[in-house]
Amino acid sequence: MRRRLTYALAAPLLAAAISLVVSSIALLLVGKSPATAYRAMWESLDSADALVTVLNVAAPYYVMGLAVALGFKMGLFNIGADDQYRLGALMAAAVGAAVTLPAPLHVLLIVVVAMAVAGAYAGVAGVLKVTRGVNEVVSTIMLNFIATGITAYLLTVYLRDKRVRLQSETKSIKPSGWLPSLNRALGWVGYHLPSGTVLEGFIVIAALTGVGFYLLLSRTRFGFDLRATGANPWAARSSGVNANGMIMKTIVLSGAIAGLAGMGPLLSEIHKYGDTFPTALGFTGIAVALLGRNSPTGIAVGALVWAAIEQASRGLAQAGIPPEIGKILQGTLLLSAVVAFEVVRRYGQAAEVREAAAKANAARPGQPLPAAAS
Amino acid sequence: MTLTSAPSGGLGTERPVAPEAFAEPSYVRPLLFAFGGLALLSLVRIIADAPELTGGETFIAAIGAMSPILFAGLGAMFSSRVGVVNIGLEGMMIMGTFFAGWAGWHWGPWAAIVAGAFGGALGGLLLAVVTVTFGVDQVVAGIAINLLAPGVARFLAGEIFANHADGSITQSPTMSHGISQFTVPFVAGGSFFGWTTPNPLRWLDEKRWFLVSDLAAVGRGFTTSLAWTTVLALVLVPLSAYLLWRTPFGLRLRSVGEKPSAADSLGVAVYRMKYIGVTISGALAGLGGAWLAIDVRAYNENQTAGRGFQGLAAMIFGNYRPAGIAAGAGLFAFAQSLTQRLGTAPVRALFLLAALAAAGFALVLLYRRRFPQATGTLVLGALALTYYLSANTVNNQIVFITPYVVTLLVLTFASQHLRPPAYEGRPWRKGDL
Amino acid sequence: MSVTTAVGAPAIELRDIVKRFPGVVANDGVNLRVTPGTIHAIVGENGAGKSTLMKTLYGAHRPDEGQILVDGVEQTFRSPRDAIAVGIGMVFQHFMLADNLTVWENIVLGDEPGRSFRIDVGAARRRIRELSERYGLDVDPDALVGGLGVGAKQRAEILKVLYRDARIVILDEPTTVLVPQEVDRLFDNLRGLVADGVTILFISHKLDEVLKVADAITVVRMGRTVAEVAPSDVTARDLAELMVGSELPKPDTRGSTVTDVVALRLDDLVVKGEGDRLLLDHVSFEIHEGEILGVAGVEGNGQSELIEAILGVLPIDQGTVAMAGRDLARVSTRARREMGLGYIPQDRQQDGLLLAAPLWENVMLGHQTQVPFARGQWLDRQGALRRTRVVIQEFDVRTPGPDVAALALSGGNQQKLIVGREMTASPRVLIAAHPTRGVDVGAQAEIWEDLRIARADGLAVLLVSADLEELIGLSDSLAVFLRGRLVATLDPSTVSPADLGSYMTGAREAASST
């Protein structure tokens with residue numbers, strides 16, 4: 001047990017250390033002081049406003065990370081989360097702006113549309129894989145670009161708000177379709193945020209999604225089948241898992257959750273789909289899922305760290321440090337994390353296997369061997 | 001997992017390569033195809049009255065635009081041919097643009113070429129270390145590199161370029177001069193020892209005769225105003241084919257991506273070959289980035305605009321062979337240059353082309369008794385036809401996505417004819433079978 | 001590397017070779033002498049140590065003890081390159097050929113003729129054609145390997161070693177993938193090679209073929225050489241008895257529990273393989289409730305396909321599988337498991353366990369939709385833990401607890417866990433493939449007893465095993481498989497070792513032969 005804990009912590013700490021070292025070197029190379037930089041970053045985070053922003057930003061990252069992780073757990077690379085969520089958000093924004101419903105229903109409708117559209121688009125890649133064996137990495141990359149085209153086309157031709165000239169965007173969703181902020185709720189328990197600081201309600205949804213992810217994967221039959229397929233497809237097959245069905249369900253569900261991730265900005269901040277809508281959410285989700293080793297708690301930490309680095313970088317310009325160092329921190333963190341995870345995993349497994357071999361009985365000569373000889 | 005068959009999730013939706021695919025690829029059929037395509041295109045532009053569709057200018061621009069994608073596609077090929085899927089081409093290309101922008105600013109375009117290759121090669125080396133030595137999943141590593149590269153570029157740009165007059169965090173200071181261009185004399189009017197020579201191709205092209213003029217226009221594309229960077233890209237096509245298929249080095253490199261255990265048992269240094277292949281891959285992507293930077297005489301943020309991925313698609317479209325990759329790159333470039341050329345007629349004409357092509361395909365499918373595919377193709381053709389007849393303008397986006405759709409269609413319906421290296425995407429360690 | 005060879009020396013001599021692996025001694029003092037210019041066969045069952053021996057000879061690993069002499073000169077091989085340099089070439093059972101490369105590319109890889117910037121393709125083709133013609137190994141150098149038939153691929157592999165001037169060619173189970181006509185052709189090729197002075201080492205378990213083509217035969221059993229004979233001096237039966245041992249284990253003579261109710265029935269089952277090969281060749285049999293049917297046969301003769309067909313993961317080309325009277329044609333694997341089909345896989349790590357998952361999740365595998373592991377759509381963790389504790393207790397799984405990851409257990413304990421998981425799920429039909437592989441003797445006896453008790457309760461078992469003691473001790477009836485066909489049904493209490501060995505190796509076929 002203690003060994004497990006050591007292994008679990010070793011890799012992330014190693015990765016964090018490597019990324020800090022590399023970033024420090026980068027800073028030194030351009031003549032800046034790492035100490036100044038890190039202090040400035042720390043100070044940037046040191047306010048209620050900053051922390052709230054981190055939480056707000058992290059929430060959609062988290063949900064996107066869960067979407068991608070669901071696929072990873074099954075051995076499926078849903079790289080297309082990026083386009084799935086944008087398509088979903090566009091349609092949801094358009095539908096949401098077109099109707100007016102009482103508040104909870106309005107929000108629900110928007111969310112449902114986003115998830116359905118995103119899931120369906122993911123399903124395209126799934127169908128291609130299941131019926132024609134098309135590898136989902138390439139198909140989702142292609143579909144990524146196709147979706148960019150389709151969203152741009154739909155937006156500029158059909159769904160745009162004709163009153164706005166300078167950019168393409170959908171009509172705004174009326175307030176009944178907005179997610180309420182949590183400020184009031186916090187007020188009830190005694191926290192009063194300064195005015196202008198809004199803790200978005202999407203955080204609740206994100207947290208619930210995380211719980212749902214955990215329950216689904218660890219507590220349901222479907223989750224077991226999914227994990228088994230990712231861990232050992234042959235054993236899963238012999239145990240009765242239907243390969244094609246599993247692929248379809250997983251990829252559609254992954255897409256749907258990706259669609260949900262886009263709802264953070266849509267429902268809490270921007271209320272319409274347009275040029276201001278965040279565009280790289282999908283890849284951030286992938287990064288965060290990888291950082292978090294596909295576990296709901298790990299991804300939460302990953303999302304928070306990622307968002308924190310982003311937020312902390314804002315204060316750097318004032319200190320004379322290029323804010324892009326944040327991107328380098330993120331990038332190297334991801335790269336060193338995946339390397340560290342792999343190295344630690346192999347080392348750990350090798351150690352366990354050595355232990356097992358040491359305990360093995362010496363058999364009589366000629367007893368049937370494992371595949372090594374015949 | 002290979003990119004063109006079998007899932008990484010490995011639940012047995014593996015599609016074996018069809019036995020027909022093991023016939024040695026001839027060049028006759030693709031050439032006939034291309035010829036037929038050109039004839040169809042010629043027909044279409046006459047009907048739709050869009051002479052610019054196949055004009056010399058279009059092809060000249062397309063050949064240029066094709067080069068960065070071609071570099072990336074060849075890069076993808078070198079990596080796949082040693083068994084490593086290189087999703088990080090985009091990031092390596094970005095490194096190429098940056099290094100090229102920096103070197104070009106200091107020492108001119110030729111230095112930019114070298115520096116761009118170097119920058120890309122660094123990225124390739126990183127991918128090699130992470131996937132071959134550390135065993136990280138290839139797709140994950142590629143994505144990580146794609147996430148890291150722009151950040152690094154931006155950071156360095158902020159420090160190195162931003163302090164200068166015409167530089168900024170998103171752009172390097174302009175290069176002193178662009179790369180010179182080259183036009184073939186006697187055929188396309190290039191200069192010969194100072195004399196301007198006749199330009200028969202252009203004369204033919206401007207006549208706008210059916211098919212002949214279009215052929216001339218294509219010829220002009222390959223011979224007129226070629227930047228040396230473009231020439232480099234074009235030359236690399238036969239060069240890489242020769243390297244991979246006619247030299248011992250190339251054979252060993254390919255064997256590593258096909259059956260590493262066989263190569264290993266015969267004494268080939270598998271790990272070393274993988275490193276070499278992936279680093280070359282990065283260098284080529286870097287060259288693509290250099291092309292882009294030299295073309296506008298500066299590094300610009302987001303210059304690459306997805307060309308790394310287009311290279312990947314071109315590789316698949318081109319069945320992992322240099323000539324095919326060139327065709328794929330040409331397809332993407334052609335579509336791109338169309339989105340930039342306004343004028344509705346040429347673009348609209350394409351839909352007519354699509355409709356006719358669909359009709360042709362449908363006939364072939366019907367002949368082969370593949371009824372569901374034939375119906376599907378006819379439906380698509382009908383859609384294209386309606387679009388042609390009804391629309392007045394064609395949205396850029398639709399043209400933009402066409403090459404991607406085509407690649408996806410190729411993957412979906414022609415995957416049995418694709419022949420990826422057998423060990424593409426599969427990690428190998430000494431002792432594996 | 002040898003420069004002089006002692007006159008009259010054997011081409012190959014192995015003296016007292018010993019090779020150990022963790023947990024097992026694969027070669028325990030093997031001796032071998034091969035006369036130059038002959039076809040020398042090495043026969044033995046699975047696990048006899050043949051392939052390990054060949055790997056030693058080929059340089060893939062070093063022996064722990066003993067000497068290797070080539071042409072009378074002692075050699076030490078650090079890698080296959082050293083063996084190749086002395087003239088030894090190995091043709092593997094699983095071809096080392098790249099499908100997407102041409103024949104000549106595969107053959108010359110690593111030793112390309114020509115200069116460093118240009119392969120002399122003409123020279124390559126010439127040499128290959130020359131070798132082809134000389135030995136009758138006809139294959140088109142420009143063909144892509146992937147499009148070749150199996151026989152042609154094998155010829156390409158042989159050319160590969162000849163191209164490197166091999167004078168000693170080792171073939172590992174070369175006829176496993178061939179149909180009879182191709183086998184004859186291969187033998188003609190081999191005779192042509194020895195006529196030219198090449199020495200052939202031929203590993204096989206198919207005695208009928210060996211007797212046809214070998215000049216000398218070495219029999220290996222349990223890691224030791226048990227006999228060196230000439231084909232003219234022995235019959236197939238003698239050989240079979242040498243391979244299998246002169247005495248078979250005594251079967252259990254308790255009363256029969258076989259009932260009349262058919263639990264599993266296969267009718268004319270056909271599964272096609274590559275080309276014309278049939279992986280399962282019109283297989284029919286029945287297993288009744290209370291019966292254990294033992295499947296005897298060397299690995300690779302259709303047993304895996306049989307199991308997969310019954311499980312439902314391998315599509316069937318013809319015939320039916322029926323369980324409890326119900327045709328399983330449209331029944332999914334999950335449904336079959338839920339109907340009471342239990343499965344102890346032959347390769348526990350590949351097919352039976354989720355190594356990184358805790359034991360209680362592994363105990364669920366295969367039964368995750370049923371009580372006590374699931375209630376509706378939800379997993380019942382407590383139920384799973386309870387059942388896991390029962391399994392650990394009753395099947396003597398040595399583990400700190402049910403939460404430990406499966407990979408932390410030793411192989412034997414993993415096997416016990418799997419057996420326990422299947423047996424406690426009250427199966428109606430159990431597929432048991434090598435159920436006690438890796439398990440210590442005491443636990444093995446207990447598992448056998450558990451199987452007998454379950455059988456008495458009405459369980460039907462398909463037992464696939466290489467352990468003759470297990471097969472004879474447990475089975476009510478023995479089905480022998482060779483080349484995908486059920487070649488004989490034998491009574492374990494009366495079968496002789498020679499008979500059993502003969503059927504398993506093709507030395508003798510039942511009346512219905514082609």
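Two strands are taken to pair if DSSP finds at least two bridges between them. The model is predicted; local features need pLDDT of at least 70, side-chain atom pairs count only at pLDDT 80 or more, and totals for chains, interfaces and linings use all residues. Residues are numbered from 1 along each chain as its sequence is written, while chains are lettered from A and ligands numbered from 1 in the order in which they are written. Helices (H or I, at least four residues) and strands (E, at least two) are DSSP runs, numbered from the N terminus.

In chain C, four strands form an open, antiparallel sheet in the order S14-S13-S16-S17. Strand S14 (278-288) and strand S17 (326-327) of chain C stand at the edges. Each has a single partner strand, so one side of each is left without a neighbour in the sheet. Strand S13 (residues 262-272) of chain C is joined to strand S16 (residues 318-323) of chain C by five bridges. C:Leu264 stands opposite C:Met323 in S16(C). Helix H9 (residues 303-311) of chain C packs on the sheet and touches S13, S14 and S16 of chain C. Its direction makes about 65 degrees with that of S14(C) (axes are lines fitted to C-alpha atoms, for helices over the stretch in contact, and angles run from 0 to 180 degrees between N-to-C directions).

Chains A and B also meet: 48 residues of chain B are in contact with 51 residues of chain A (C-beta atoms, placed from the backbone, within 7 Å). On the chain B side, H5(B) gives the most, with 13 residues.

Methods
Contact = placed C-beta atoms within 7 Å.
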